[in-house]
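Please walk me through this protein. Start with the whole, then move to a few single residues.

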Amino acid sequence: MRIGIVGNYGNNNQGDEAILEGILVQLKKATNIQSSDIIVFTNNPEQAQKRYGVQTASLFEKRRTDPMKFLATVRHHLPIIRELDLLIIGGGGILMDLYRNNPIVYGMYSWIARRAKTPTVIYGPGVGPLRTFMGKTIIRSIANHAEIITVRDPQSKNLLHSIGVKKNIQVITDPAFFVEIPEKLVEKREGFHIGVTAVPYFNKSYWPKEDKQKYNDYINGMSQNLDNLLEKRPMASIHFFSTKHPYDTVAAKDIQKQMVHANRTTLCNKELTHREILDFVNQQDLIIGTRLHSLILSVVAKKPILGISYHQKVRDFMRLIDCSDQVIDISEVHSQEDAFLSMLKGMERDWKGTVARMETILIEMKTKEPNGMTLIKQAFPHMIK
């Protein structure tokens, strides 16, 4: 038995690396597959091989132009994928056209698998936004040719159905929930420690389209909210970290520069692995996160969270775990300068209950039915023992 996994891996996005580890953990618990029988298609093969002990292949073959690159990848990967018993496409926010190459990349892998007669499974991604005819067409084709379709939230399921996907679609838990939980205990530090992630919203260094006014409003709103929180909580401190360095770090520095109480903040100015992020989160009392997987990894570490919805997936996630009162849209941060403080006050009415709720959510997510691996085992009983 040989299984391939393709997704947004090897791009220094630690949320996606957590997803990959979660898929690997689930695969190995559900089956008797060995790491040597798993091949991951990634932008950083050496890194994945070192971290996870799996076989790897480049996401793309290097060529001078995009058409040449795609053609070379098809030719090189067709015999590799032909030898697989199954190709897993997922998870993360890969089925979208915010970045125009996303549908093309995963559409290419779906097409190669069809040519190779290798079954595909869509495993727990988010879907959307889908705004272009090409994006909708390609992603509809990927889904309609998959043996199993699973997504991480009901909104993704509804969106796939709305673009013409007729097959059964199951909602499963995001694979990142299955990363291994840090075992070491953290000594309680004096004060109240708040971890913060900041996405470079509409910043030209990262966003598909630059909008300086939106970016500046966001930076000002974040700094004012954090300052107001520190004003009312003299024992609190802010600790910025990134799940996608250096892009998130740039935004965090801009927020920090605007803050009156910058002396009560720290900034982790380096790339952390998703396991190091778990250790970092484990030292905080609260996480204020824009990045979806900074919030998911915080739940894994059983830490209370406040969400800043820069993308619909963040609000969808907070709704999914019944924390809709603990999230604010990113476009509203600059006009609601006490939003963080107000949400924290609501959580502090029963802080012990708030903390305990995180453990309950983690258990619920990890035991939620249907289980993605169970669906795969049911569909391929001859393949997966």
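Predicted model: local features only at pLDDT ≥ 70, side-chain atom pairs only at ≥ 80, totals over all residues.

Residues are numbered from 1 along each chain as its sequence is written, and side-chain values use heavy atoms, with hydrogens and water left out.

Begin with the whole. The protein has 14 helices and 13 strands. Helices (H or I, at least four residues) and strands (E, at least two) are DSSP runs, numbered from the N terminus. The C-alpha trace spans about 60 × 40 × 40 Å along its principal axes. The radius of gyration is 21 Å, which agrees with the value near 21 Å for a compact globule of 385 residues. That radius is taken over C-alpha atoms, and the globule rule is 2.2 Å times the number of residues to the power 0.38.

Now look inside. Of the 385 residues, 57% are buried. Buried means under 20% relative accessible area, exposed over 50%, and partly exposed in between (1.4 Å probe, protein chains only). A contact means heavy atoms within 4.5 Å. Among contacts between residues at least 6 apart in sequence, 69% join residues at least 24 apart.

Next, take helix 9, residues 274–282. Its buried residues are H274, I277, L278, F280, V281 and N282. What covers them? The cover includes helix 1 (14–30), helix 2 (45–52), strand 9 (236–240), strand 11 (286–289) and helix 10 (292–300).

Helix 1 holds E21. Is E21 buried or exposed? E21 counts as buried because its relative accessibility is 9%. E21 touches Y52, V179, E180, H274 and R275, leaving aside residues up to four places away in sequence. One of the buried residues of helix 9 is H274. The side chain of E21 also reaches the backbone nitrogen of E180 at 3.2 Å. E61 lies 40 residues from E21 along the chain, and their C-alpha atoms are separated by 24 Å.

S223 has 4% relative accessibility, so it counts as buried. Which residues does S223 touch? Not counting residues up to four places away in sequence, they are I255, Q258 and M259. The side chain of S223 also reaches the backbone oxygen of N220, at 2.8 Å.

Technical notes. Polar contact = N/O pair within 3.5 Å; in protein donor to acceptor, adjacent residues only side chain to side chain.
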